[in-house]
Amino acid sequence: MAVQRLLVDIHTHVYLPRYAAFLRSRTSVPRIFSRTSPEGKQEERLLILDDEPSEGRPIGAQYWDRDEKLKFMDRHAIDVSVVSSANPWLDFLSAPAAHKLAGELNADMEDYCSAAPSVSALPSATSASLVSTVEEIAKLPHLKGVIMGTRGLGKGLDDAALEPVWAAIEKAGLVIFLHPHYGVDKDAWGERENGHVLPLALGFPFETTVATTRLILSGVLDRYPALRLLLAHSGGALPQLSSRLASCIEHDPLVAARLAHDARYYLGRLYFDAVAYGAEELGFVSDAIGRAERYAQAGTSAAASGAGAVDSVGQRRLGSARMMFGTDHPFFPPLKETGKWKSVVENLEAIDGVWGWTEKEKDAVRGGNAVSLFSLGS
């Protein structure tokens, strides 16, 4: 009997109708507002950050209408979408308001995904309210995880106040999808108008890199070994900088003895979406993941994965087991009408083009790994 091969999108967002309506009611960022376009047409725009380029971005039914999501899936032959709430999350609200709205949105998400899995929102409130929300999410059959921003309760993911939250998520067996929102200091982009290119291409991945590194340095992954953390945008710059991170840790007296393992080991504890748009980038990420076990001991030398020390192809294939296809829908639509979205096609082409991956690894990245991580068969 032939094994069914699924294409599973683990990075796809929705602004639920309740949330879209809430954003329309606001007069300050984040908000959805109407304006007359330069072409003289009425349009809605989403503004999620102060001083956002181009007065935000155009927004339409594809951002909240489930039928539009299903049409997108049909167009690209996507079998399953693990849908997550889109940023901004709820840290701009007071703790009670965030907790209340999160509960409502998570119930809405359960209805939205009644025939498919989803990843729900956590309020950025108090640790007690977060734990309560995690416990409620765990009771809903179609909610497989939580999407989190990088600020936690406001002080970052290394905040000691998050300890009961990590414990609750680990106990519930939920996946954490770590996704950026704020980027980095806008002054880094200079005065030239470049639209959203620099904040999205660099700011978001750098934000993820810093947040995840702080999480690693805090020892959270040592204290909660069963915690499952999925990083957006292929982990940002973390794979590229992981050896530099390990060296800096080893030479710093404040943190040299803090962690149970070399920093490179922790990449093998994480999961990564395959939203990188290039085969070489995906191959590098899988190499960095695949070598992790060789760095289980703190202070391990780079020679552990040097030439002749390892089977480089086998290492690359091993790392692929923690990578998963994603589209980032409804963002990155084509600028002109086209049959398929280039952003989606490129991510699939990138998976297909990774040197050293056989069809077994490619099928796993396209869908099999997500089926396993999110228990989609149960």
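Modeller: A polar contact is a pair of N or O atoms within 3.5 Å; within protein, one atom must be able to donate a hydrogen and the other to accept it, and residues adjacent in sequence count only if both atoms are side-chain atoms. In this structure, the side chain of T212 reaches the backbone oxygen of T208 at 2.8 Å. This is a predicted model, so local features need pLDDT of at least 70 and side-chain atom pairs count only at pLDDT 80 or more, while totals for chains, interfaces and linings use all residues. Residues are numbered from 1 along each chain as its sequence is written, and side-chain values use heavy atoms, with hydrogens and water left out.

Biologist: Where is T212 found, and is T212 buried or exposed?

Modeller: Helices (H or I, at least four residues) and strands (E, at least two) are DSSP runs numbered from the N terminus. T212 is in helix α6, residues 197-217. Buried means under 20% relative accessible area, exposed over 50%, and partly exposed in between (1.4 Å probe, protein chains only). T212 has 1% relative accessibility and therefore counts as buried.

Biologist: Which residues is T212 in contact with, leaving aside its neighbours within four places in sequence?

Modeller: Contact means heavy atoms within 4.5 Å. With those neighbours set aside, T212 touches L178, L231, L238 and L270.

Biologist: How many aromatic pairs does the structure hold?

Modeller: A pair of aromatic rings is described by the distance of the centres and the angle of the planes. Rings of Phe, Tyr and Trp (its six-membered ring) pair if their centres lie within 6.5 Å; planes under 30 degrees apart are stacked, over 60 edge-to-face, and the rest tilted. There are nine such pairs here. In one of them, the ring centres of Y15 and F331 are 6.5 Å apart and the planes are at 80 degrees, so the pair is edge-to-face. Y15 lies in the loop between β1 (8-14) and α1 (17-24), and F331 in the loop between β11 (323-324) and α11 (342-352), so the pair ties together parts 316 residues apart in sequence. Both Y15 and F331 are buried.

The pair of F72 and W341 is also edge-to-face, at 5.0 Å centre to centre and 70 degrees between the planes. F72 belongs to helix α2 (residues 66-75) and W341 to the loop between β11 and α11, 269 residues apart. The relative accessible area is 5% for F72, which is buried, and 9% for W341, which is also buried.

Biologist: Which residues form one aromatic cluster?

Modeller: Y15 and F331 return here, together with Y19, F22, Y63 and F92.

Biologist: Where does the charged end of R322 sit?

Modeller: A charge sits over a ring if NZ of Lys or CZ of Arg is within 6 Å of the ring centre and within 35 degrees of the ring normal. The charged end of R322 is over the ring of Y271, 4.3 Å from its centre. R151 lies over the face of Y182, at 3.4 Å from the ring centre.

Biologist: Which residues have the most contacts inside the largest nonpolar core?

Modeller: In soluble globular proteins, nonpolar side chains tend to be buried together. A nonpolar core is a set of buried Ala, Val, Leu, Ile, Met, Phe, Trp, Tyr and Cys residues joined through side-chain atoms within 4.5 Å. The largest one here has 81 residues, and Y15, W166 and I169 have the most contacts inside it. Helix α3 (residues 95-112) gives the largest share of this core, six residues. A second, separate core of 15 residues includes V8, F177, M324 and A370. Beyond four places in sequence, the contacts of W166 are M148, L157, I176, L215, V220, Y224 and L227.

Biologist: How many salt bridges does a search of the whole structure find?

Modeller: A salt bridge is a side-chain nitrogen of Lys or Arg within 4 Å of a carboxyl oxygen of Asp or Glu. The search finds 22. One of them joins R223 and E163, with the closest N and O atoms 2.7 Å apart. R223 is in helix α7 (residues 220-223) and E163 in helix α5 (residues 163-172), 60 residues apart. R223 is partly exposed, at a relative accessible area of 42%.

Biologist: Which residue forms a salt bridge with D352?

Modeller: The partner is R366, with the closest N and O atoms 3.4 Å apart. D352 lies in helix α11 and R366 in helix α12, so the pair ties together parts 14 residues apart in sequence. D352 is partly exposed at 41% relative accessibility, whereas R366 is buried at 16%. Both belong to a network of salt bridges that links R5, D352, E359, K362, D363 and R366.
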